[in-house]
Amino acid sequence: MSDIWQQLAELRAKTSETPILSLFDDTKRFAQFSAEDGDLLLDFSKTSLDSTALNLLVQLAESVDLNGKVAAMFRGDPINTTEGRAVLHTALRARSDAPILVDGEDVLPGIRTIRNQMEQFAEAVRSGEIKTADGGRFTDVINIGIGGSDLGPAMATLALAPYHDGPRCHFVSNVDGAHIHDTLANLDPQRTLVIIASKTFTTIETMTNAETALVWLRAALGDKAADHLAAVSTAQDKTAALGIAPERVFGFENWVGGRYSLWGPVGLPILLAIGTGNFNEFLRGADAMDSHFQNAPLNENLPVLLGLVGIWHNNICEYGSRAVLPYDQHLSRLPAYLQQLDMESNGKQVAQDGSALPRASGPIVWGEPGTNGQHAFYQLIHQGTAVVPTEFLIAAEAHEPDLQHHHNLLKANCLAQSEALMRGRSKSEASEVAAARGFDGAERTRMAAHLSFPGNRPSVTIAYSKLTPFVLGQIIALYEHRVFTEGAIWGLNSFDQWGVELGKELAVALLPLVEGASTDDKDGSTSGLLSKLSQNSANQT
């Protein structure tokens, strides 16, 4: 494998000055550097990859036995080696009845029992069969969770807004009191269902917000407050202590990681918003991508190709971040969702065996929807000193047919940005632009420097017909498996997150200090900040 890395590095050294635009002298480039699954298209032709580089990257995937690792995950092997767990979020959306075994037991019957329970509950809420404490209908739902219990369902619920025909869904995650306060201020407790999403019912942010919501419910409903509660949790003793009926508690196993969990009970808000039929289409789209990931040849496999492009940019070109730019307002939360999916999964510095990784792992992931980003950070992407590979997402068709002119402008902007990043504007072209704007002599030369763009900046585009539940399922699964592919090549465990533990532990220890205990054992900075915050707080009272 080290030989392949070396060949890739040498190839990059030879071809780094080759303009991406010149690669399109080959009229077949788009066909050769794009791939499809159904009507989902991945175009990576606007990158510096050539056939030699792509072949070497495929060999790199083969050298780590990527296909074998994929099979192990879908089979239910304990590939999360630091926690000794299987990784089976894919089972939550599996359409096949073929057994999936964990410790010799088929997990599919249990998954489907829980899903049926979810569907019955959601449809009863949506129809009004499950009533509020005063016999009315639930008009609003608050999901209280954090991390994977918030980012996934919040992103998907917004993405599928055109399919909403159930209660309005709201999401509270931040322990900052402003979040729960501002959400509750606009809702009627008599018409609101509260879902508490915490597997152990011990997540400090979630349980703090839940306690505040309970005070709000009890003030209006008294001892009937529990009629307005549901939970996504395995801690049935704790949910029972709050009076939540067992049929309103939806658990999931430890082989479903938080950031991969929106396909099961964590997705209850999505189900409440869009209904069983659309939710099943969402699962079906993800399952279709699962099948593609397992069966398509590596050089035609969308998640693998997206992962290999990421490896090329991160490790070979040494580009340290990637921007996700959905030209779809409904996907405005996708970059935030992918930040957790990608950076919590692959933000690691050690291999599976605990040895130091020999090369960079997960890049920084960031982004905003277009065209908003064009008026914010695209300046850096086009003319900044750092090259940022970009990933555009665009639908052929919008959900607002009476506003087709809006969508035409959106598509034009998306395609123009990827072309501009690749094409750039030379100094001579910029000089002509400066002259047309009335500059001459030294001023023309000076302005030409400002008006030129380096170009040769890579991008990929993911295009799809329309953002339906099925297509959203495809897109999310595409990115999940891209993360898997990159993690497999780097040799790390994409399914643990030990790096978040220390900060949590220190926060618990710091709380008494924030409340006034001695800070003698803390470093000078922490002690100084505690003192200043305490002083400022005292000045406000």
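How many disulfides does the structure hold? This is a predicted model, and the structure holds zero disulfides.

**Cysteines**
- Cys-169 has a relative accessibility of 18% and therefore counts as buried, since buried means under 20% relative accessible area.
- Cys-414, with a relative accessible area of 1%, is buried as well.

**Nonpolar cores**
- The largest nonpolar core is made up of 119 residues, and those with the most contacts inside it are Phe-282, Tyr-464 and Leu-472.

**Strand S12 and its partners**
- Strand S12, which spans residues 390–395, is mostly covered, with six of its six residues buried.
- From S12, Thr-390, Phe-392 and Ile-394 point one way, while Glu-391, Leu-393 and Ala-395 point the other way, and all are buried.
- S12 pairs with strand S10 (residues 321–327) in the parallel sense over five bridges, and in this pairing Tyr-327 stands opposite Ile-394 in S12.
- S12 is also joined by six bridges to strand S13 (residues 459–464), and the two run parallel, with Phe-392 standing opposite Thr-461 in S13.

Notes. Residues are numbered from 1 along each chain as its sequence is written. This is a predicted model: local features need pLDDT of at least 70, side-chain atom pairs count only at pLDDT 80 or more; totals for chains, interfaces and linings use all residues. Side-chain values use heavy atoms; hydrogens and water are left out. A disulfide is a pair of cysteine sulfur atoms within 2.5 Å. Buried means under 20% relative accessible area, exposed over 50%, partly exposed in between (1.4 Å probe, protein chains only). A nonpolar core is a set of buried Ala, Val, Leu, Ile, Met, Phe, Trp, Tyr and Cys residues joined through side-chain atoms within 4.5 Å. Helices (H or I, at least four residues) and strands (E, at least two) are DSSP runs, numbered from the N terminus. Two strands pair if DSSP finds at least two bridges between them.
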